Each structure stands twice: as C-alpha cells, then as structure tokens.
Amino acid sequence: MKCIRCKKTACVALPSHHSGFCKDCFPLFFTKQVETAIRREKMFTHDERILVALSGGKDSLALMLELKLQGYDVTGLHIDLGIPNSSEKARKKVEGFCELHDLNLRVFEMEKWGLPIPDVKQHVKRPVCAVCGKMKRHHFNRIAREEGFDVLATGHNLDDEVARLFANTLRWDTAYLSDQGPTLPASDGFVRKVKPLFRLSEFETANYAFLKGIEIHSDPCPYASGASFTHHKELWGELEYRSPGQKFQFYQSFLKKGKPAFANLEKEIGDELKPCEECGSPTSAETCSVCRIKAAVKVSKAKAEAE
Amino acid sequence: MITVNLEPDGEQIEMSNTRSVVAVLNKLKLRSTMAIVVRDGELLTADRMLKNGDTLMVRKVTSAG
C-alpha cells in the first residue's frame, strides 16, 4: 500500500478513510483531525488554560503532546490511585513523559486525600471501576475549577465514545444520552469538558503514539478485568471491519439527531443540581456521592479495625 | 518461522508457514485495526510480506480500563 499523500510505502492503513499514510504523513493527518475537532466543536482557544487528564496510556499522552505541538497552554493532571504494583508504574510513565517534553504536571494522590482505590475495593460494595471513575471525574473537575483552568481535556477517542454511547443506548439512559458529546459546556459547578481525540480511533492514537516515540503505561488495571466497555469495543471492532466508517457515522448521527431529543427530555425530567454541603461540588442530593463514599469507607474501616 | 511478541500480554508466539502480516493477525484472531504491527522499529500495514526469521511486535490497541 502507498501513502495517499506522498506515494511512499504506507505504514498505517485506514479502511474508514479509504487511505494509507507513511510515517511522515500520518502525524499530519492526526494533527488535522485534532484541529478539526477543536474548531468544529468550539473546544478552546490559544488564549485559554487547558488541564489535560493524564492516565499514562497512549491516548492521554498523545493528546498532551499534540496540543503542546499545536501551541496550546497545557498542564497535565495525573491522579495516583494508590493501587499496589500498578499506580506507581503509571505515575512514573507520566512523570518521565512530562519531563522529556518539558510539560507542566500536577499529581493528585488519592492516598493522601484519604481514599486510595484499594480501600474502595475492600469497603464499597458497588463495582470498583464505577466508583473509581466517579472519583477521578470529581477531582478533575474540582482541581480544574480551584486552579482557574478554562477547560478540562481528556484523551477519550472515537472507540471510547462509541462504546459509551452503545452502553448508554442499551440502557436507554436518558441522563447520559442527553449530554454525551465531544464538548460539554461549563455550567454551575462544572468546568467545560472536551475530547479533542473524538474523531480518531484507538488504532490511530496507538500509531501516533508509536511514531512519536511515546512510552506508554499499557498494563491493564488489576481491578478492571471484564469491564463491559472492552466487550463492546470488540463487538464494534467487528462491525467496523465489515463496514468501515460505521463507528464515526453512529456517533456523528447521534450528536446530530439523537442527542437533542434526549437533552429536551432531560430538561423535563432531570434532577436539579445544588452544591454539596461537604465539598461544594454539584449534586442532586444534599451530600455528593464522592463525599458519601468517603464517609462510608471511613466507617467501614473503623468497624473492621475494631473487630 | 516468525516470532511474535504480543503486547500487552507479554507472550511470545512462534508461527510457521506465515508469510504476511494479515496471516499473523488472522492467527491471532485480530482485525487489522485492532493492533499495530512493528518489525525492526517500522510499522507495517496488513498487506506487507514477511520473511523467515522475522520478529514482530504486535501491540493490541484496545485499552482495558
């Protein structure tokens, strides 16, 4: 296969775009997709401060590097989850990456905050991935607001977005279907959230990360085995193979035709949000779920220690 | 014989009678956009041919978490 731009031997084949690119032209394609996402979805400008959530995986590190190369004012935020034999490796990758590329980084430690994820796994009956995700979103939003960032960017790619949309659709979850999208505007208590990689697949970000020499943390989370999103991604991988371009079409059509209908429905039946009495984060209850979980773990730990 | 180092699994697999990248992917039950394939630091598309003694790194792209 030849590169569609320069006719050299291609190193990345993209059936959904009916094209292939060589190692020099593929990053140009990647940059263009990110530029288009930022412009069309009005994500941010060069005058704004962007906080980028960094897990240590290929997507978040690729996003951080690409935004820096495009001249944006970016700071990384890594949350050290406190999971033995896993979190320290991810943190090391993020710190090494930021040092190498001269990038600002802020690290938040769950253990110092009083709730490492192993405690959640041990003391909370709900699935640990759901609670961990909730905790991370809470701190990303809180830190972005407290430290005056204009926008929070995450490395969610097209596969992440399609898997999530698929899961939300299987449950007909109107609340999630009403606001899923590449740009979530700021609202009371919430910073603006954006996903500049939403036009790019995991395959595309993996190729970009490899070509840019990004060393990634690729070990799966020891607590994440059998996450349903992974199964959904496999299903969609097969659909995409049979009909290249189907993922993007499903997602774009939802944004255009499905989301507005769910947003209208949610306006009628959705919960009203107010500040949490403990931490001030927006919640539909008196105390937000993160503060409730933290308190419940404290009680459960004290009880276990007393026994 | 082709040697395949599979990531992130950390497995090493030997394959005989395998002459192309797509044949390697088929044996691993992977579609071409589910993994990147690297030989001597170079990314390969699925249509590339292989030769006896090649060592490949096949990195699955689906993040697990």
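Predicted model: local features only at pLDDT ≥ 70, side-chain atom pairs only at ≥ 80, totals over all residues.

Guide: In chain B, residues 24 or more positions apart account for 51% of the contacts with a separation of 6 or more.

The C-alpha trace of chain B spans about 35 × 25 × 20 Å along its principal axes. Of the 65 residues in chain B, 26% are buried.

Now the sheet itself. In what order do the strands of chain B stand? The order is E2-E1-E5-E3-E4 in an open sheet of 5 strands, and the pairing is mixed. Strand E2 (11–15) and strand E4 (42–44) of chain B are at the edges; each has a single partner strand, so one side of each is left without a neighbour in the sheet. On average, and with direction ignored, neighbouring strands of this sheet are turned by 30° against each other.

E1(B) and E2(B) pair in the antiparallel sense over 5 bridges, with Leu6(B) standing opposite Glu11(B) of E2(B). Onto this sheet packs a helix of the other chain: H9(A) touches E3, E4 and E5 of chain B, and the direction of H9(A) makes about 30° with that of E3(B).

The next pairing is parallel: strand E1 (residues 2–7) of chain B joins strand E5 (residues 55–60) of chain B over 5 bridges. Here Asn5(B) has Met57(B) as its bridge partner in E5(B). Strand E3 (residues 35–39) of chain B is also joined to E5(B), by 5 bridges, and these two strands run antiparallel. Val37(B) has Val58(B) as its bridge partner in E5(B).

H9(A) leads on to the contact between the chains. There, 26 residues of chain A are in contact with 19 residues of chain B. On the side of chain A that touches chain B, E1, H9 and helix H10 (228–242) of chain A each supply at least two residues. By class, that side of chain A has 14 nonpolar, 7 polar and 5 charged residues.

The buried residues of H1(A) pack against strand E1 (12–14), strand E2 (19–21), helix H2 (58–69) and helix H9 (202–211) of chain A. Those buried residues are Phe26(A), Phe29(A), Phe30(A), Gln33(A), Val34(A) and Ile38(A). On the general point, residues three or four places apart point the same way because an α-helix has 3.6 residues a turn. The 15 residues of helix H1 (residues 26–40) of chain A should span 21 Å at 1.5 Å a residue, and the end C-alpha atoms of the helix are 21 Å apart, which agrees. After H1(A) comes Lys42(A), with a positive phi near 45°.

The C-alpha trace of chain A spans about 70 × 45 × 40 Å along its principal axes, and 38% of the 307 residues count as buried. Among contacts in chain A between residues at least 6 apart in sequence, 69% join residues at least 24 apart.

Chain A has an open sheet of 6 strands, in the order E5-E4-E3-E6-E8-E7 and with mixed pairing. Its edges are strand E5 (104–109) and strand E7 (183–184) of chain A, each with a single partner strand, so one side of each is left without a neighbour in the sheet. Strand E4 (residues 73–80) of chain A runs parallel to E5(A), joined by 6 bridges, and Thr75(A) stands opposite Asn104(A) in E5(A).

Key. Residues numbered from 1 in each chain as written. Chains lettered and ligands numbered in written order. Buried ≥ 20, exposed ≤ 12 C-beta atoms within 10 Å, placed from the backbone. Contact = placed C-beta atoms within 7 Å. Pairing = 2+ DSSP bridges. Helix = DSSP H or I, 4+ residues; strand = E, 2+ residues; numbered from the N terminus. Expected span 1.5 Å × (residues − 1). Nonpolar A, V, L, I, M, F, W, Y, C, P; charged D, E, K, R; others polar. Axes fitted to C-alpha atoms, helices over the stretch in contact; angles between N-to-C directions.
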